[in-house]
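Here are my notes on the model, as numbered points. Have the structure open while you read, and follow along strand by strand and helix by helix.

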Amino acid sequence: MAKHLPISQRAENIAPFHVMDILGRAKALEAQGRDIIHLEIGEPDFPTPQPIIDAGIKSLQQQQTFYTPSLGLPELRVAIAGWYQQRYGVTISANRVVVTPGASGALLLVMGALLEQGKNVLMADPGYPCNRHFASFVSGKAKSIPVDASSDFQLTPQHIAEYWDKDSQLALVASPSNPTGTVLEKPALKALAEAVKAQNGTLIVDEIYHGLTYDNIDLPTALSVDDDAIVINSFSKFFGMTGWRLGWAIVPEALVEVMDRLAQNLYLAAPTVAQYAALAAFDNQTLAMLESRRQLLEQRRDFLLPALSELGFKVAGKPQGAFYLYADCSQLLNDEIPDSMALSKYLLDKAGVAITPGNDFGSHLSHQYCRFAYTNDIARMTMAIERIRDVNGN
């Protein structure tokens with residue numbers, strides 16, 4: 001008989017991803033022969049660009065499989081710093097680049113380095129759920145701030161003034177954001193950075209969807225308005241390397257040493273093969289492929305947004321980044337389908353369409369929102385719309 005193991009309160013405080021329940025159910029239905037259209041997971045159907053794959057294969061053939069320094073492969077850190085000069089016109093030292101196992105690894109390091117026990121990090125509700133769990137895992141607190149369409153679902157200087165208190169240390173925003181796809185353009189980003197500095201706090205900006213913006217918007221990095229900001233990024237989204245598990249942080253020089261110590265102790269180093277592969281991410285050939293994919297995602301957004309509206313879903317404005325639509329589904333709810341979780345299960349079981357319920361992203365009006373990821377081609381999304389129309393009688 002297995003011995004009972006007491007689970008730590010730290011672990012108990014971390015809620016599951018509800019979308020993983022949806023995904024598990026979807027996989028079970030597929031095993032039964034059902035065709036499921038996946039609009040729930042934040043992973044486009046594009047494979048990793050071939051130049052990146054080739055670079056990874058080459059590194060294996062050359063037996064480049066040993067540990068790298070904890071802060072990352074030196075030439076990759078230089079390449080990432082060069083990317084900020086090339087794309088944003090911002091000059092940073094490669095010494096400030098911390099290469100991590102995904103953006104999640106970067107956020108965990110930053111929280112561990114800066115957030116004291118019992119202190120707060122301000123973040124938007126709705127927002128990416130793991131962020132609040134990182135805070136609690138290092139014995140800090142996520143102070144979730146309800147946001148809505150009036151602020152593009154983003155934190156504003158007014159939010160900082162209203163919610164910052166003696167226990168607050170950090171503010172975390174994402175631009176483009178998950179789940180809403182909204183962005184912070186330069187004036188809003190600058191004002192937010194100034195508001196956080198006025199409180200002697202530190203601003204962390206999640207930029208993992210940079211590169212995936214639409215309507216001719218070219219987002220600035222937070223480093224262009226606040227050199228003391230901490231920027232989180234990833235090779236997963238724009239660069240198409242989800243399974244390679246590679247990200248980075250840009251931190252002030254004063255944080256480099258502690259980030260190194262934490263990385264050494266928590267995971268030693270990011271995956272070596274992924275780091276060598278990522279060197280090809282900034283090649284012109286790769287960037288041309290990525291731009292063509294960005295254009296396809298914009299076309300998908302422009303198809304799905306009006307199609308959902310015709311079905312009764314409401315999306316405030318036109319999200320200008322990432323690959324998500326955060327839709328108010330309240331018009332589709334009733335006694336049998338009282339909230340977005342029930343709707344997600346209903347659409348999966350009856351229509352074979354998997355979407356994400358809003359309660360994965362917070363508590364503010366989450367019961368009446370759901371997220372659609374336009375990560376399938378237009379033909380599949382057309383089929384999804386037809387299936388939803390059929391089961392809802394639209």
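1. Strands, like helices, are DSSP runs numbered from the N terminus, with at least two residues (E) for a strand and at least four (H or I) for a helix. Two strands count as paired if DSSP finds at least two bridges between them. To find one of these bridges on screen, go to Leu172, whose partner in S6 is Ile204.

2. Before going further, a word on what you're looking at. This is a predicted model, in which local features need pLDDT of at least 70 and side-chain atom pairs count only at pLDDT 80 or more, while totals for chains, interfaces and linings use all residues. Residues are numbered from 1 along each chain as its sequence is written, and side-chain values use heavy atoms, with hydrogens and water left out.

3. S5 also pairs with S3: strand S3 (residues 120-125) and strand S5 (residues 168-174) are parallel, with four bridges. Is S5 enclosed or open to the outside? It is largely enclosed by the rest of the structure, because six of its seven residues are buried. Buried here means under 20% relative accessible area, exposed means over 50%, and partly exposed is in between (1.4 Å probe, protein chains only).

4. Touching, or contact, means heavy atoms within 4.5 Å.

5. The H5/H6 pair deserves a look too. The axes of helix H5 (residues 102-114) and helix H6 (residues 129-137) cross at roughly 40° and come within 9 Å. On the H5 side, Ser104, Leu107, Leu108 and Met111 meet Asn131, Phe134, Ala135 and Phe137 of H6. What sort of residues make up this contact, by class? Six are nonpolar, two are polar and none is charged. The classes are Ala, Val, Leu, Ile, Met, Phe, Trp, Tyr, Cys and Pro as nonpolar, Asp, Glu, Lys and Arg as charged, and the others, Gly among them, as polar.

6. On to the charges: the structure holds 18 salt bridges, each being a side-chain nitrogen of Lys or Arg within 4 Å of a carboxyl oxygen of Asp or Glu. One of them sits inside helix H8 (residues 186-198), where Glu194 and Lys190 are four residues apart, about one turn of the helix. Their closest N and O atoms are 2.6 Å apart. Glu194 is partly exposed at 46% relative accessible area, and Lys190 is partly exposed at 40%.

7. Helix H2 (residues 18-31) has its own pair, Glu30 and Lys27, three residues apart and about one turn of the helix. Their side chains form a salt bridge at 3.9 Å, N to O. Glu30 is partly exposed at 28%, as is Lys27 at 47%.

8. Which residue forms a salt bridge with Lys197? Asp228 does, with the closest N and O atoms 3.1 Å apart. Asp228 lies in the loop between strand S6 (202-206) and strand S7 (230-234) and Lys197 in helix H8, so the pair ties together parts that are 31 residues apart in sequence.

9. Last, check the salt-bridge network that links Asp215, Glu291, Arg294, Glu298, Arg301 and Asp302. Glu298 is located in helix H11 (residues 284-310), and counts as buried because its relative accessibility is 17%. Beyond its neighbours within four places in sequence, Glu298 is in contact with Tyr214 and Asp215.

Technical notes
Axes fitted to C-alpha atoms, helices over the stretch in contact; angles between N-to-C directions.
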